[in-house]
Amino acid sequence: MNVFRILGDLSHLLAMILLLGKIWRSKCCTGISGKSQILFALVFTTRYLDLFTNFISIYNTVMKVVFLLCAYATVYMIYGKFRKTFDSENDTFRLEFLLVPVIGLSFLENYSFTPLEILWTFSIYLESVAILPQLFMISKTGEAETITTHYLFFLGLYRALYLANWIRRYQTENFYDQIAVVSGVVQTIFYLYVTKVLKGKKLSLPMPI
């Protein structure tokens, strides 16, 4: 495992912790797309089913468990504990527009036609578009809280570091994962677009602790 992979994982984890911390401290989830968080929880669930069948390392196992816990804790706080503060009127992206083509593509383009492989492929494709409900919500409201922009920044940094990780692996191991790389490039483009969209948007300061 090279340094880009580790830094990418830490950036991804930091993004999730920032979002969880914001919701917990402010007791409010305004400006956060619950639908995007559901998609990310689905990404981790379908990707990490090998927790029960394949041990790689303690680091790998711990990170998978932490990501799953953070994802479901975020969904719970949005739709459970702090649901009264959830802006459902603006979180209206139609998830079937993402899920149907992603499911179809997972069956058409994968490395082997087995349940775990198809679900892993599904998670890769879905992650590349899971941010769209959040982007759609920001475009509707015309504003984003500062903490939300920090969250999106570290998610984008995670994708950029993973692209560097794949380049490094190709150079040192001659390893190339076409599905992961292409999906990662697509996701990175989306995050660059998110950054462009956020420029000029009204930023609201986080609620005081």
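## Ground rules

Helices here are DSSP runs of H or I with at least four residues, strands are E runs of at least two, and both are numbered from the N terminus. Keep in mind that this is a predicted model: local features need pLDDT of at least 70, side-chain atom pairs count only at pLDDT 80 or more, and totals for chains, interfaces and linings use all residues. Residues are numbered from 1 along each chain as its sequence is written, and side-chain values use heavy atoms, with hydrogens and water left out.

## The overall picture

The chain carries eight helices and two strands. Reading from the N terminus, the order is α-α-α-α-α-α-β-α-α-β.

Of the 209 residues in the chain, 47% are buried, where buried means under 20% relative accessible area, exposed means over 50%, and partly exposed is what falls in between (1.4 Å probe, protein chains only). Now for contacts, meaning heavy atoms within 4.5 Å: among those in the chain with a separation of 6 or more, 80% come from residues 24 or more positions apart. The chain exposes about 11,100 Å², with carbon and sulfur atoms supplying 68% of it; that area comes from the Shrake-Rupley method with a 1.4 Å probe, and for residues only the protein chains shown count as cover.

## Helix α1 and its ends

Helix α1 has 24 residues and spans 34 Å from first C-alpha to last, close to the 34 Å expected at 1.5 Å a residue. The expected span is 1.5 Å times one less than the number of residues in the helix. After α1 comes Lys27, with a positive phi near 55 degrees.

Asp9 counts as buried because its relative accessibility is 6%, while Arg5, at 22%, counts as partly exposed.

## Salt bridges further along

The structure holds four salt bridges, each being a side-chain nitrogen of Lys or Arg within 4 Å of a carboxyl oxygen of Asp or Glu. One of them pairs Arg47 with Glu127, with 2.7 Å between the closest N and O atoms. This pair links distant parts of the chain: Arg47 is in helix α2 (residues 34-47) and Glu127 in helix α5 (residues 115-129), 80 residues apart. Arg47 and Glu127 are both buried.

Another joins Lys64 and Asp50, with the closest N and O atoms 2.9 Å apart. Lys64 is in helix α3 (residues 58-81) and Asp50 in the loop between α2 and α3, so the bridge ties together parts 14 residues apart in sequence. Lys64 and Asp50 are buried too.

## Residues worth a click

Thr74 is in helix α3 and counts as buried, at 2% relative accessibility. Setting aside neighbours within four places in sequence, Thr74 touches Leu19, Leu20, Ile23 and Gln37.

Leu99 belongs to helix α4 (residues 96-108) and, at 23% relative accessibility, counts as partly exposed. With neighbours within four places in sequence left out, the contacts of Leu99 are Leu39, Leu42, Phe122 and Leu126. Tyr125 is 26 residues from Leu99 in sequence, and their C-alpha atoms are 9.7 Å apart. Over in helix α5 you'll find Ser128, which counts as buried at 6% relative accessibility. A polar atom of the Ser128 side chain lies 2.5 Å from the backbone oxygen of Tyr125.

An unreviewed UniProt entry annotates "transmembrane region" over residues 62-80, 92-112, 118-138, 150-167 and 179-198. UniProt positions follow the numbering used here, feature names are shortened, and annotations may be inferred rather than shown by experiment.

How do two of these spans look in the model? Residues 62-80 are 100% helix and 0% strand, with end C-alpha atoms 26 Å apart. Residues 118-138 come out at 90% helix and 0% strand, and their end C-alpha atoms lie 32 Å apart.

How values were computed:
A polar contact is a pair of N or O atoms within 3.5 Å; within protein, one must be able to donate a hydrogen and the other to accept it, and residues adjacent in sequence count only if both atoms are side-chain atoms.
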